[in-house]
Protein chains: 2
Amino acid sequence: MNDTDKILLGHGSGGRMMRELIEGKLLPALTGGYARLGADDSAVLPMPVGMGGRLAITTDSYVVNPIFFPGGDIGDLAVNGTVNDLAMSGATPLYITCGLIVEEGFLISDLMRVIASMRRAADEAGVSIVAGDTKVVDRGKADRLFVNTSGVGVVPDGIDVSSSNLRPGDKIIISGSIGDHGMAVMSVREGLEFGADLVSDTAPLNFLVRDILDVCPEVHAMRDPTRGGVTSTLCEFAASSKVGILLDEKVLPVKDTVRGACELLGLDPLYVANEGKLIAVVPPDKADAVLAAMRANRYGAGSAIIGEVTDGPAGRVMIKTLIGGTRVVDMLTGEQLPRIC
Amino acid sequence: MNDTDKILLGHGSGGRMMRELIEGKLLPALTGGYARLGADDSAVLPMPVGMGGRLAITTDSYVVNPIFFPGGDIGDLAVNGTVNDLAMSGATPLYITCGLIVEEGFLISDLMRVIASMRRAADEAGVSIVAGDTKVVDRGKADRLFVNTSGVGVVPDGIDVSSSNLRPGDKIIISGSIGDHGMAVMSVREGLEFGADLVSDTAPLNFLVRDILDVCPEVHAMRDPTRGGVTSTLCEFAASSKVGILLDEKVLPVKDTVRGACELLGLDPLYVANEGKLIAVVPPDKADAVLAAMRANRYGAGSAIIGEVTDGPAGRVMIKTLIGGTRVVDMLTGEQLPRIC
């Protein structure tokens, strides 16, 4: 079998073809030292007891179309996404699982490209891919490749990050420009060329979170605004905490190419998915220190304070527009960008 | 929205439709008390430190076709499968995640039926479904519903179960009749009627494992023989442990309907998937005690000693046939039964 061969139903059979694919190709490319992966039904790992705290557990499936896009692919997207979901709860990410659903006929070389991308992302984030599963479905019954990543991490003692912790007066910080991932994927899908800097922002944010927690362990809430964009995250924060939020449009970081692409496609960058950005909500007296810490991290260089938490009305997110008025920003109601992650 | 509505792309958007589906329907039906599920990116849970030991982590995606079959559906199959993968490493299963990939147009009532089935299976196994994710793909880009379940458990101190632990003289025990799940699914797919007792054996085996460990904490290996059947499990055991295995065909438990269905379709029950059976490999002096403990459990009532571990040749699995000869049993090479789990 060489890398230009195609995935066949037999690669999902539980028999010899599956063992050859998994043990001969996927495992050597994927794992970071857990040699027992693949031989048994579960990975058995050290209990992270020395780290104290609680377990964080998360899961995400990735169905992004296309699977290769400017700035990344479904592989690093999946690893970074699960690393980030763990990090947003204040956890140190440790272990990641990888569940593949592959369409019959998918090129093994493309699969190996995705796997290599997962491994690079895991290495950068400092996590281990410890368990995997591969299923093959007949041609036409899936769209090339779907990836599930689940993750386990540890939340240190004393950290309590939650969407229900916002308090009036808190400052809202974004770690950089918004809408990059969604518009990078859309540009490929629509066959549009917007320029070289329209690339996905997919990135692991766990070390950025560590830098935030170092200067502000009492951070109230963190979230990576993926599907539904900044708006959905802030609407959920406001609703969960029964507070209002006021944004300032003129300080929202949006790249010119993203703004241009959004205008062309009739989209609002506030609703477009990000995959390497976080929103942190912090007490006002810590905002400057957090901002400085974030800007010192490569994934937070473009950080900005974009608004603040208000008394209410509870659940209401408002934005001060460029021309000086204010308008309500509501959660996305239908589907804006299907299969963006 | 009522249960006869269909899933739309907007249900995967990250916006209001997704929140309504998840918070209004899926969460109340799915969760066992972890109220924060859905509100934040990760579930934050007590560290199971009091239990000692190591963490077990596993993942599996389920693409079974059809999703409803005699004896179960993709929901209980997914929960039981992940519970069993944890249990086979000697772990006590604790936490399960649920990743759904839904095809646009899938009936919400069918989704709720699957979710209810997952919840019942989790309740029986005593595990909590602690994190979830829902993605929707456009019509024709998936086959109704795919489910990923990942799981976390704890392996108690002193337990070391592994496919590489087999020793010559060990007895091989199966917990009941083989081939039930695969032939139940095939009977629906082929439009065949084989009788009322051709149903999937999908079941949680964690308490059966507990009963085994109670009388034999030094059990050498355990595995649930799913894809690839009993043969694949035993071939992997023999290869990992560099031993031989000799089975006795006349004591292999196979239901008459399963045997008949296999004959009709040209299949060998030794290669057909099981979803509620386990193979335990135990030292010879503990075999009778383990067998008795297994038979006392509802999921082990049909347990039988089906063979033993030999000096070799290393990796070779042989079977003593009904007519008195022996033949080599090799691992499945191609695809026998696609999308059986």
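Me: Which residue forms a salt bridge with Arg298(A)?
Reply: This is a predicted model, where local features need pLDDT of at least 70, side-chain atom pairs count only at pLDDT 80 or more, totals for chains, interfaces and linings use all residues, and side-chain values use heavy atoms, without hydrogens or water. Residues are numbered from 1 along each chain as its sequence is written, while chains are lettered from A and ligands numbered from 1 in the order in which they are written. A salt bridge here needs a side-chain nitrogen of Lys or Arg within 4 Å of a carboxyl oxygen of Asp or Glu. With its closest N and O atoms 3.7 Å apart, the partner of Arg298(A) is Glu124(A).

Me: How far apart do the C-alpha centres of domain 1 and domain 2 of chain A lie?
Reply: Chain A is divided into domain 1 (3-155) and domain 2 (171-328), with bounds from an automatic or database domain assignment. Between the C-alpha centres of these two domains of chain A the distance is 28 Å.

Me: Which three residues of domain 1 of chain A supply 34% of the area that it buries against domain 2?
Reply: Contact, meaning heavy atoms within 4.5 Å, joins 20 residues of domain 1 of chain A to 24 of domain 2. The buried area (accessible area, 1.4 Å probe, that two parts lose on being put together, summed over both) is about 1800 Å², and carbon and sulfur atoms give 60% of it. The three residues that supply more than any other three on the domain 1 side are Pro70(A), Met88(A) and Glu124(A).

Me: Which element gives the largest share of the side of domain 1 of chain A that touches domain 2?
Reply: Across this interface the rule finds seven residue pairs in polar contact, both residues at pLDDT 80 or more; such a pair has N or O atoms within 3.5 Å, within protein one able to donate a hydrogen and the other to accept it, and residues adjacent in sequence count only if both atoms are side-chain atoms. Helix 2 (74-88) and helix 3 (108-125) of chain A each give two or more residues to this side, where helices (H or I, at least four residues) and strands (E, at least two) are DSSP runs numbered from the N terminus. With nine residues, the largest share comes from helix 2 of chain A.

Me: Which three residues of chain A lose the most area to chain B?
Reply: The contact between the chains takes 80 residues from chain A and 80 residues from chain B. Together the chains bury about 6300 Å², with 55% of it on carbon and sulfur atoms. On the chain A side, 12% of what is buried belongs to the three that lose the most: Asp41(A), Ile57(A) and Arg227(A).

Me: Which residue of chain B meets Asp133(A) in a salt bridge?
Reply: Side chains of opposite charge can pair when their charged atoms come close. Across the interface of chain A and chain B the rule finds ten salt bridges. In one of them, at 3.0 Å from N to O, Asp133(A) meets Arg227(B).

Me: What is the bridge partner of Leu45(A) in strand 2 of chain B?
Reply: Strand 1 of chain A and strand 2 (residues 54-62) of chain B run antiparallel to each other over three bridges, where pairing requires DSSP to find at least two bridges between the strands. Within strand 2 of chain B, Leu45(A) is bridged to Leu55(B).

Me: How many residues apart in sequence are the parts tied together by Asp201(A) and Lys277(A)?
Reply: The side chains of Asp201(A) and Lys277(A) form a salt bridge at 2.9 Å, N to O. Asp201(A) lies in the loop between helix 4 (180-189) and helix 5 (206-215) of chain A, and Lys277(A) in the loop between helix 7 (256-265) and strand 11 (279-282), so the parts that the pair ties together have a sequence separation of 76 residues.

Me: What is omega for the peptide bond from Asn65(B) to Pro66(B)?
Reply: Most residues other than glycine have a negative phi, and most peptide bonds are trans. Pro66(B) sits in the loop between strand 2 and strand 3 (68-69) of chain B. The bond from Asn65(B) to Pro66(B) is cis, with omega near 5°.

Me: What is phi for Arg144(B)?
Reply: Arg144(B) belongs to the loop between strand 6 (128-137) and strand 7 (145-155) of chain B. Although Arg144(B) is not a glycine, its phi is positive, about 70°.
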